[in-house]
Amino acid sequence: MHQLLLRFSLLALLATGIVSAQPSQPISEQPALIPLPLQYEQQMNQPGFLLTGGIKADTATSHSELGRAAIRALMAAGFEMHPEETEGNLRVVPINHINPEAYSLKITPQEILIGIAGPQALPAAAQTLAQAVVHDSAGQPALPAMHVDDYPALQHRGIMLDPSRHPISVKDTKRLLSLMARYKLNRLHWHLCDDQGWRIEIKKYPRLTAIGSKRPESSDWVNQKQKDGKPVEFFYTQNDIREVVEYAHSLGITIIPEIEIPGHACAAVAAYPELGNQDSPGFAPRVETGWGVFTHVMAPCDFTFRFIEDVLAEVCELFPRAPYIHIGGDEVPHDQWKSSPAAQAFMKQHAYTHESQIQDHFTHFCAQVLRKLGRRMVGWDEIMSAPQLPQDAIVMAWRSMGHARIAASRGHQVILCPIQSFYFNFSQGNDPADSFYTGLSGFDNINWQHILAFDTRINGGKVIGMQANLWSECIPCMRKLEYMLVPRICALAEKAWYYHSSSAPAAEHFGQRLQAHYPYFDSLQLNFRQEDGTPRLYTAR
Ligand code: TNX
């Protein structure tokens, strides 16, 4: 009787098409995963998990904290989810692993079993599943019967975006966040101000955006000696910032904001001349329209120090989950400090003998302010000039691997982004088609092969991250930005996932896997550089 009832209800379920797990047809396709999981086993030519009915979570799973988080992560990765089902085919369990981002997957025709060491592993698990969607022999979407054990080598896997030089809308930023998440990148370093524009609303200092977010024109990105005559006015309101922060969080991405101190400060000083060295000859701050390094740096005065406290306090509120805040620190010319009587008096007062000590003073001040706000400090590698730089300061090594090694040897945690291979503003090739998209010249021909081969090894376990910086002086539109980012973002993702691991997959297989991602790029209508060096373009400038 019991069996009969069961059979009857199963038939009824089949008839209405909501039976929870029906096997797919055999699967012969192998997903091309980037980054490749550390361990991956697939049962070839076997039925897998059929996705036509979406993924179902039973009531218990839907109501558990872990289950809810998994449902959210799977939805964010693009899966059709059905919570609150009487019969589910999704199970989420904790696993023991020292790395909180470690996850395992066991896919059978009946079930998706996700094991996670911590909630932060869910986005990566969900994205592996999203990349693993293939077609069964009947052409239906399905996940292969497979077993995955995986975890990243580095906790900070990032991209730096530069909306200061050229605006990047909220919508486009979100689109880029989705692209990052697809490749398990989990940090957006947001370069929110620079000489050419201040882009984040700060309530206490409204002129930062009222004045500092506007410039009348810019140097042309092809011929830099010419101005383009196009005004730029752009900033993110605090609501925009919150929206982007929440969206990033839903994808497992933490945003690290950067406020440039004390250099790259023309826009800030133009908005508040009190921030500048007003008594230095030739003081005439303006939001810059050219590219380069400029002399208008912050003055070491009470107004500036209060400004730093106020701005960092608002920034910390807007980025509640950022464990560290970037204070810039790069490329600070000493000209104005040398010529400003007030800056010289400041040096005397502190018994400083060299202007670089003023920068060090700023660095220490920022560290202190951030500590009070409960955050750590990260800065460009120039912050190492400060003696007794706090041990917990994180150094972002951009000038060379040598600087990264120095930072590590002094006991600092390091994020690698050396210009020689991780500056995506430089070109990927030198063929004629590619030259259309050439960025600033300097370290050109940085293609995905170059990135994978570049030696980033440092002993001692101090490297916590790796990121690519997409400086945007010569990136005036999304079409170009995409081209500079894709597919190099994939190589960065794989390298950061495997950093230093002897099990790193061979580079030659990367090219093959990469090609399998073109349909994904196409589905997002992304401009990108193909693996053979030719561009795939949707629209030209
Ligand atoms: C140097 S790298 C900079 C940026 C520029 C980049 C490319 C670094 C920390 N500072 O301000 O955008 O070169 O020109």
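Trainee: Which residues do ring pairs link into a cluster with Phe 305?

Mentor: Trp 337, Phe 346, Tyr 352, Phe 362 and Phe 365. Keep in mind that this is a predicted model. The count of aromatic pairs comes to 25.

Trainee: What makes Trp 190 and Phe 319 an aromatic pair, and why is it called edge-to-face?

Mentor: Their ring centres are 6.3 Å apart. The cut-off for a pair is 6.5 Å, so they qualify. The planes stand at 85 degrees.

Trainee: Where do the two residues sit in the chain?

Mentor: Trp 190 is in strand β13, residues 187-191. Phe 319 is in the loop between α9 and β19. They are 129 residues apart, so the pair links distant parts of the chain. Both Trp 190 and Phe 319 are buried.

Trainee: How do you know that Tyr 205 and Phe 303 are edge-to-face?

Mentor: Their ring centres are 6.4 Å apart, and their planes are at 85 degrees, so the pair is edge-to-face.

Trainee: Why does Tyr 205 count as buried, and what does Phe 303 count as?

Mentor: Tyr 205 has 8% relative accessibility. Buried means under 20%, so Tyr 205 is buried. Phe 303 has 23%. That value falls between 20% and 50%, so Phe 303 is partly exposed.

Trainee: Which residues touch the most other members of the largest nonpolar core?

Mentor: Trp 190, Trp 198, Ile 200, Phe 319 and Leu 485, out of 131 residues. Helix α9, residues 302-318, gives the largest share of this core, eight residues. Another core, of 34 residues, lies apart from it and includes Val 92, Ile 112, Leu 129 and Tyr 498.

Trainee: What does Phe 319 touch?

Mentor: Leaving out residues up to four places away in sequence, its contacts include Trp 190, Ile 200, Pro 257 and Arg 375.

Trainee: Why do the buried residues of α13 line one face of the helix?

Mentor: The buried residues in α13 are Met 401, Ala 404, Ala 407 and Ala 408. Seen down the helix axis, they fall within an arc of 115 degrees, so they line one face. In general, residues three or four places apart point the same way, because an α-helix has 3.6 residues a turn. What covers the buried residues of α13 includes β21 and β22.

Trainee: What is found at the start of α13, and what follows α13?

Mentor: At the start, a side-chain oxygen of Ser 400 comes to within 3.1 Å of the backbone nitrogen of Gly 402. Gly 411 follows the helix, with a positive phi near 90 degrees.

Trainee: How do you know that Cys 316 is in no disulfide?

Mentor: The nearest cysteine sulfur, that of Cys 366, is 11 Å away. A disulfide needs sulfurs within 2.5 Å, so Cys 316 has no partner. For Cys 490, the nearest cysteine sulfur is that of Cys 417, 19 Å away, and Cys 490 is in no disulfide either. The count of disulfides comes to zero.

Trainee: What makes Cys 316 and Cys 490 buried?

Mentor: Cys 316 has a relative accessible area of 5%. Cys 490 has 0%. The limit is under 20%, so both count as buried.

Definitions and conventions. Residues are numbered from 1 along each chain as its sequence is written. This is a predicted model: local features need pLDDT of at least 70, side-chain atom pairs count only at pLDDT 80 or more; totals for chains, interfaces and linings use all residues. Side-chain values use heavy atoms; hydrogens and water are left out. A nonpolar core is a set of buried Ala, Val, Leu, Ile, Met, Phe, Trp, Tyr and Cys residues joined through side-chain atoms within 4.5 Å. Buried means under 20% relative accessible area, exposed over 50%, partly exposed in between (1.4 Å probe, protein chains only). Helices (H or I, at least four residues) and strands (E, at least two) are DSSP runs, numbered from the N terminus. Contact means heavy atoms within 4.5 Å. The arc is that of the directions from the helix axis to the C-beta atoms. A polar contact is a pair of N or O atoms within 3.5 Å; within protein, one must be able to donate a hydrogen and the other to accept it, and residues adjacent in sequence count only if both atoms are side-chain atoms. Rings of Phe, Tyr and Trp (its six-membered ring) pair if their centres lie within 6.5 Å; planes under 30 degrees apart count as stacked, over 60 as edge-to-face and the rest as tilted.
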